[in-house]
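Okay everyone, thanks for coming. Let's get the structure up on the screen and walk through a few spots together.

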Amino acid sequence: MRTYLQAKAMARSLRTGLERRLSVAISHSEALELVAGQFEFDDWNALSARIEAALPPQSGSSQPAFEPAIPIIRIFSVEKAYEFYRDYLGMNVDWEHRYEPGMPLYAQVSRAGLVLHLSEHHGDATPGSTVFIWMKNLLAFHAELRSKTYPLRPGIDQGPGETDKGFEIPDPFGNRLRFHERGSTS
């Protein structure tokens with residue numbers, strides 16, 4: 001499946017397909033605007049900026065490049081952490097690390113692009129932290145969580161933008177996860 005990073009190729013394919021199959025000619029800029037709309041961007045300029053920000057710097061470039069941050073969440077019980085993050089939130093346990101048996105756990109969990117590190121190590125993170133998470137299909141995720149037999153029953157609240165929606169849930173260690181969707185209409 002193509003991603004927004006291949007938007008220019010998608011625009012060329014769209015133009016070619018419309019011309020061949022329907023004898024409809026559109027300009028390259030019109031095709032770029034249509035592709036931007038398919039990825040829920042306001043226009044090609046917004047999508048183009050997103051693509052540029054996502055691409056690695058050119059070789060020899062002295063500009064810094066960043067990858068998505070991975071929050072470290074302080075946990076005090078592996079069993080309770082996995083019950084919450086794996087069983088309730090539906091995340092996968094990607095890997096676990098201990099310096100030796102009986103030592104504190106450091107693990108990675110992930111789901112659909114969200115990556116978190118869980119740590120029992122004292123100095124890795126502060127309990128009571130908040131992680132803000134932008135996502136798509138918030139209402140489906142919310143319904144999934146509410147259908148599970150877990151003591152949390154989150155409601156939907158107004159997000160940071162005028163049409164954004166979201167909800168916050170605490171983990172068993174006092175950390176808060178804020179899930180939000182941009183421009184949600186429900």
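So, this is a predicted model. I'd like to start with the aromatics: Phe84, Tyr85, Tyr88 and Tyr150 are joined into a cluster by ring pairs. The count of aromatic pairs comes to ten. Take phenylalanine 84 and tyrosine 85: the ring centres are 4.7 Å apart and the planes sit at 85 degrees, over the 60 degrees we ask for, so we call that pair edge-to-face.

Are those two buried or exposed? Phenylalanine 84 is at 0% relative accessibility, so it counts as buried, and tyrosine 85, also at 0%, counts as buried too.

Next, phenylalanine 84 with tyrosine 150. Here the centres are 6.0 Å apart with the planes at 55 degrees, so this pair is tilted. Phenylalanine 84 is in helix α4, while tyrosine 150 is in the loop between α5 and β6, so the contact ties together parts 66 residues apart in sequence. Tyrosine 150 has a relative accessible area of 15%, under the 20% cut-off, so that one is buried as well.

Okay, over to the strands. Which strands does β8, residues 176-181, pair with? With β5, residues 130-134, it runs parallel over five bridges, and valine 131 stands opposite leucine 177 there. With β7, residues 165-170, β8 pairs in the antiparallel sense over six bridges; lysine 165 has glutamate 181 as its bridge partner. In the β7-β8 hairpin there are five residues between the strands, and glycine 174 takes a positive phi near 85 degrees.

One last thing: the charged end of arginine 182 sits over the ring of tryptophan 134, 4.0 Å from its centre.

Key: Residues are numbered from 1 along each chain as its sequence is written. This is a predicted model: local features need pLDDT of at least 70, side-chain atom pairs count only at pLDDT 80 or more; totals for chains, interfaces and linings use all residues. Side-chain values use heavy atoms; hydrogens and water are left out. Two strands pair if DSSP finds at least two bridges between them. Helices (H or I, at least four residues) and strands (E, at least two) are DSSP runs, numbered from the N terminus. Rings of Phe, Tyr and Trp (its six-membered ring) pair if their centres lie within 6.5 Å; planes under 30 degrees apart count as stacked, over 60 as edge-to-face and the rest as tilted. Buried means under 20% relative accessible area, exposed over 50%, partly exposed in between (1.4 Å probe, protein chains only). A charge sits over a ring if NZ of Lys or CZ of Arg is within 6 Å of the ring centre and within 35 degrees of the ring normal.
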